[in-house]
Amino acid sequence: MNKRERVLAALNNLPVDRPPVGFWFHFQADQGVGEACVKAHLDYYNHIDVDMVKIMCDSYFDYPNPVAKSVQSPQDWYNMQPLGPDSPFIREQVARAKAVKAGLKDDMVVIYNVFAPFSLIRFGTSNELVTRHLKEDPKAVQYALDVIAKDAALLSELLIREAGIDGIYYCVQGGEKDRMSVETYRELIGPSDRAVLEHANRFSENNVLHCCGWAGIPNHLEVWQDYPAKAINWACFIEDMDLTQGKAFFGGKCVLGGFDNRPCGVLFSGTREEVEATTRALVQAAGTTGVILGADCTLPASIDKERIGWVVDAVRRLA
């Protein structure tokens with residue numbers, strides 16, 4: 001099988017010659033901007049022989065809505081309007097995705113990182129402000145989330161239709177068990193989460209849901225359990241849920257992950273023998289159908305990229 005065939009088969013729970021492999025990391029400083037970011041992606045994906053590409057949205061974490069930048073009281077959120085299709089926030093990300101896809105030496109499945117509205121609203125203001133306003137006037141924050149969802153949904157659509165990528169890697173956050181209850185999340189945050197993902201599904205069936213464990217705190221994974229994505233990626237080591245358990249929890253969908261992304265993890269700090277042994281153990285436990293080997297989240301940018309090749313080499317020997 002070639003790389004595209006292998007990943008598409010895995011996403012659809014079909015037989016593969018071996019499990020595909022995909023790892024990614026944020027590009028730092030100047031490599032996270034403009035043409036340098038495109039080159040950094042290509043230098044990595046055209047050198048390390050992984051099976052799929054995730055394009056990072058580095059330098060576009062900060063949602064640049066001018067109203068959001070000036071919000072003080074909850075009522076200010078009602079002044080927000082979508083950025084729209086001509087916004088640099090959208091156009092520049094579409095251009096990045098198109099350029100990376102065009103420069104790949106292999107025909108691979110390409111996905112692009114899109115943050116859910118609850119992440120974008122916090123990146124564009126602050127976690128403290130949004131948390132306070134959710135308590136003071138949750139409907140005002142919901143209005144803002146609905147506005148942001150329109151931009152994130154349009155971005156997802158244009159990434160697929162214009163840039164030609166295969167789907168989005170949809171990052172949901174905010175489900176930490178110390179942040180809010182399951183019921184509160186479902187009522188206040190869930191509708192904007194779903195609006196983006198459901199819109200992306202109109203243009204591609206190959207969308208991946210990333211249940212982010214960025215805070216190091218376990219999430220209420222049940223709030224995302226029935227989200228309509230083709231594959232699921234979560235923080236196995238934060239949630240204490242391995243690939244086999246996660247596949248059952250998420251209804252048999254394709255699962256992506258298995259490796260700890262933190263510096264304490266074997267991929268970052270273990271010997272080659274330890275990395276290869278972990279790879280074999282993951283495949284033995286989770287099987288080869290509907291499994292993509294990767295990490296809990298983005299890897300540290302300082303990782304020796306050759307270590308990722310060790311996983312690929314180990315999986316190839318299993319074929």
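## T279 in helix α13

T279 is found in helix α13; helices here are DSSP runs of H or I with at least four residues, strands are runs of E with at least two, and both are numbered from the N terminus. T279 counts as buried because its relative accessibility is 0%, where buried means under 20% relative accessible area, exposed means over 50%, and partly exposed lies in between (1.4 Å probe, protein chains only). Leaving out residues up to four places away in sequence, T279 touches F259, L293, V311, A314 and V315; a contact means heavy atoms within 4.5 Å.

Before we go on, a word on where this comes from: this is a predicted model, in which local features need pLDDT of at least 70 and side-chain atom pairs count only at pLDDT 80 or more, while totals for chains, interfaces and linings use all residues. Residues are numbered from 1 along each chain as its sequence is written, and side-chain values use heavy atoms, with hydrogens and water left out.

V275, E276, T279, L282, V283 and A286 are buried in α13. They cover an arc of only 120 degrees around the axis, so they lie on the same side of α13; the arc is taken from the directions that run from the helix axis to the C-beta atoms. E273, Q284 and A285 are exposed on the other side of α13.

What do the buried residues of α13 pack against? Their partners are α11 (243-249), β6, α12 (266-269), β7 and α14 (306-318). The length of α13 also works out: its 15 residues should span 21 Å at 1.5 Å a residue, and the end C-alpha atoms are 21 Å apart, which agrees. That expected span is 1.5 Å times one less than the number of residues. After α13 comes G287, whose phi is positive, near 85 degrees.

## The sheet beside the helix

Now for the sheet. In it, 7 strands form an open sheet in the order β1-β2-β3-β4-β5-β6-β7, with parallel pairing; two strands pair if DSSP finds at least two bridges between them. Strands of a sheet pair through backbone hydrogen bonds, either parallel or antiparallel. Why is one side of β1 and of β7 left without a neighbour in the sheet? β1 (52-55) and β7 (291-295) stand at the edges, and each has a single partner strand, so one side of each has no neighbour there. From one strand to the next, the twist averages 25 degrees.

## Salt bridges

How many salt bridges does a search of the whole structure find? The search finds 20, a salt bridge being a side-chain nitrogen of Lys or Arg within 4 Å of a carboxyl oxygen of Asp or Glu. One of them joins R91 and E162, with the closest N and O atoms 2.7 Å apart. This pair links distant parts of the chain: R91 is in helix α4 (residues 88-103), E162 is in the loop between α7 and β3 (167-172), and 71 residues separate them. R91 is partly exposed at 30% relative accessibility, and E162 is partly exposed at 35%.

R194 and D226 also meet through their side chains in a salt bridge (2.7 Å, N to O). This pair, too, links distant parts of the chain, with R194 in helix α9 (residues 190-201) and D226 in the loop between β4 (208-211) and β5 (231-234), 32 residues apart. R194 is partly exposed at 24%, whereas D226 counts as exposed at 51%. E176 and R179 form a further salt bridge, their closest N and O atoms being 2.7 Å apart; E176 is buried at 2%, while R179 is partly exposed at 23%. Salt bridges also link K3, D49, D106 and R316 in a network.

## D137 in its loop

Our last stop is D137, which sits in the loop between α6 (127-136) and α7 (138-161). Is D137 buried or exposed? With 16% relative accessibility, D137 counts as buried. Apart from neighbours within four places in sequence, D137 is in contact with P74, Q75 and Y78. D137 and S73 are 64 residues apart in sequence, and their C-alpha atoms are 9.3 Å apart in space.

Conventions
Axes are lines fitted to C-alpha atoms, for helices over the stretch in contact, and angles run from 0 to 180 degrees between N-to-C directions.
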